[in-house]
Amino acid sequence: MKAGAIVAVVERRDGGHRLAGSWAGVDAVNGFLVHLESRAFSPATVRAYAFDLVNFARFLDGRGIDVADVVPTDVFDWIGWQSVRR
């Protein structure tokens with residue numbers, strides 16, 4: 001897949017917000033979102049997490065990093081990446 005392509009989007013599905021797309025981490029993220037719902041997190045919080053994770057997916061895709069290979073410094077790089085104007 002071309003770096004920078006849309007790899008994930010948020011959809012309203014199954015009574016909550018889920019990711020859809022070609023990103024390899026979609027299933028893992030959706031499992032996390034289901035977990036948050038089962039722990040009675042606010043629907044708005046779950047929605048916010050979903051959009052943050054789409055952003056994270058796009059960052060990882062652009063860097064060629066598989067979600068299974070993420071290390072703490074990748075998360076710090078993502079936080080900094082969000083503050084750069086594009």
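Predicted model: local features only at pLDDT ≥ 70, side-chain atom pairs only at ≥ 80, totals over all residues.

Trainee: How many bridges join strand β1 to β2?

Mentor: Pairing is read from the bridges. Here 5 bridges link β1 (residues 9-13) with β2, and the two strands run antiparallel. As one example, Val9 has Ala20 in β2 as its bridge partner. The two strands make a hairpin with 2 residues between them, and Asp14 in the turn has a positive phi of about 55 degrees.

Trainee: Is Arg18 buried or exposed?

Mentor: Burial is read from relative accessible area, with under 20% counted as buried. Arg18 has 7%, so Arg18 is buried. Arg18 lies in strand β2, residues 16-20.

Trainee: With which side chain does that of Arg18 make a polar contact?

Mentor: The partner is the side chain of Glu37, at 2.8 Å. Beyond four places in sequence, Arg18 also has contacts that include Val9, Val10, Asn30 and Leu33.

Trainee: Which residues touch the most other members of the largest nonpolar core?

Mentor: In soluble globular proteins, nonpolar side chains tend to be buried together. In this model the largest core has 19 residues, and those touching the most other members are Ala8, Leu19, Trp23, Val29, Leu33 and Leu60. Helices α1 (26-38) and α2 (43-63) each supply at least two core residues. The largest share, 8 residues, comes from α2. Leu19, leaving out residues up to four places away in sequence, touches residues including Ala8, Val29, Leu33, Ala50, Leu53 and Val54.

Note on methods:
Residues numbered from 1 in each chain as written. Heavy atoms only, no water. Helix = DSSP H or I, 4+ residues; strand = E, 2+ residues; numbered from the N terminus. Buried < 20%, exposed > 50% of the residue type's maximum accessible area, 1.4 Å probe, protein only. Polar contact = N/O pair within 3.5 Å; in protein donor to acceptor, adjacent residues only side chain to side chain. Contact = heavy atoms within 4.5 Å. Core = buried A, V, L, I, M, F, W, Y, C linked by side-chain atoms within 4.5 Å. Pairing = 2+ DSSP bridges.
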